[in-house]
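Morning, everyone. Please take a moment with the sequence and the structure, and then I'll walk you through it.

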Amino acid sequence: MNEIIDKYNTHSKNLGKTEQPSLDLNLEHSKYANLNEQLAEASLRLRQMRGEELEGLNVEELQQLEKNLESGLHRVLQTKDQQFLEQINDLERKSTQLAEENMQLRNQVSQIPPAGKQAVADTENVIAEEGQSSESVMTALHSGSSQDNDDGSDVSLKLGLPCVAWK
């Protein structure tokens with residue numbers, strides 16, 4: 001009699017265990033179905049935001065979609081404008097830094113003793129090592145420069161080396 005009762009109790013416990021996995025499986029299946037529905041809805045909204053599959057929408061839904069798109073466009077334009085302003089500020093800082101460096105270099109050049117700076121009065125008569133006058137060298141330099149890089153400034157460099165060094 002005890003054996004039969006033990007078998008009954010064991011069998012009852014085993015039945016309870018087999019039902020538990022099926023409950024977990026049903027719960028997981030339910031979650032999976034819910035996530036699939038959410039994915040399908042999000043995909044539909046994305047296609048509608050792209051201007052696709054709009055046939056099923058009424059006027060109110062279309063107006064709401066238009067409002068959402070306009071607010072998104074506004075945020076995109078704000079971000080773009082902010083990045084442009086940051087780039088402009090960076091370029092202005094670089095411009096200021098370069099202007100300061102230019103001023104420092106001008107001060108350094110002005111402090112060079114006059115003996116080191118020998119001015120050449122007539123550049124047409126000065127002959128370079130390769131047999132070119134300084135004017136022809138400057139003309140070649142200016143003709144080779146790109147007009148795209150011309151920012152309106154006039155930059156030139158004249159070296160006053162003693163004629164003895166050119167031999």
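Val76 is exposed, because its relative accessibility is 52%, and the cut-off for exposed is over 50%. Keep in mind that this is a predicted model. Val76 sits in helix α2, residues 59-110.

Now the fold as a whole. The protein chain has 3 helices and 0 strands. Along the sequence the pattern reads α-α-α. How much of the chain is buried? Of its 167 residues, 4%. The chain exposes about 15,300 Å², and carbon and sulfur atoms supply 55% of that. On contacts: take those between residues at least 6 apart in sequence, and 27% of them join residues at least 24 apart.

Next, the loop between α1 (2-49) and α2, where Leu54 is placed. Leu54 is partly exposed, because its relative accessibility is 28%. Which residues does Leu54 touch, beyond its neighbours within four places in sequence? Gln48, Leu62 and Leu65. Leu54 and Leu44 are 10 residues apart along the chain, and their C-alpha atoms are separated by 9.6 Å.

Last topic, charges. Side chains of opposite charge can pair when their charged atoms come close. The count here is 3 salt bridges.

One is Arg45 with Glu41, closest N and O atoms 3.4 Å apart. These two are 4 residues apart in helix α1, so about one helical turn separates them. Arg45 is exposed at 52%, while Glu41 is partly exposed at 37%.

Another is Asp90 with Arg93, at 2.7 Å between the closest N and O atoms. Those are 3 residues apart in helix α2, so again about one helical turn. Asp90 is partly exposed at 36%; Arg93 is exposed at 54%. An α-helix has 3.6 residues a turn, so residues three or four places apart point the same way.

Then there is Arg47 with Glu53, whose closest N and O atoms are 2.6 Å apart. Arg47 is partly exposed at 26%, and Glu53 is partly exposed at 39%.

That's my tour. Over to you.

Notes. Residues numbered from 1 in each chain as written. Predicted model: local features only at pLDDT ≥ 70, side-chain atom pairs only at ≥ 80, totals over all residues. Heavy atoms only, no water. Buried < 20%, exposed > 50% of the residue type's maximum accessible area, 1.4 Å probe, protein only. Contact = heavy atoms within 4.5 Å. Areas by Shrake-Rupley, 256 points an atom, 1.4 Å probe, with all protein chains shown as cover. Salt bridge = Lys/Arg side-chain N within 4 Å of Asp/Glu carboxyl O.
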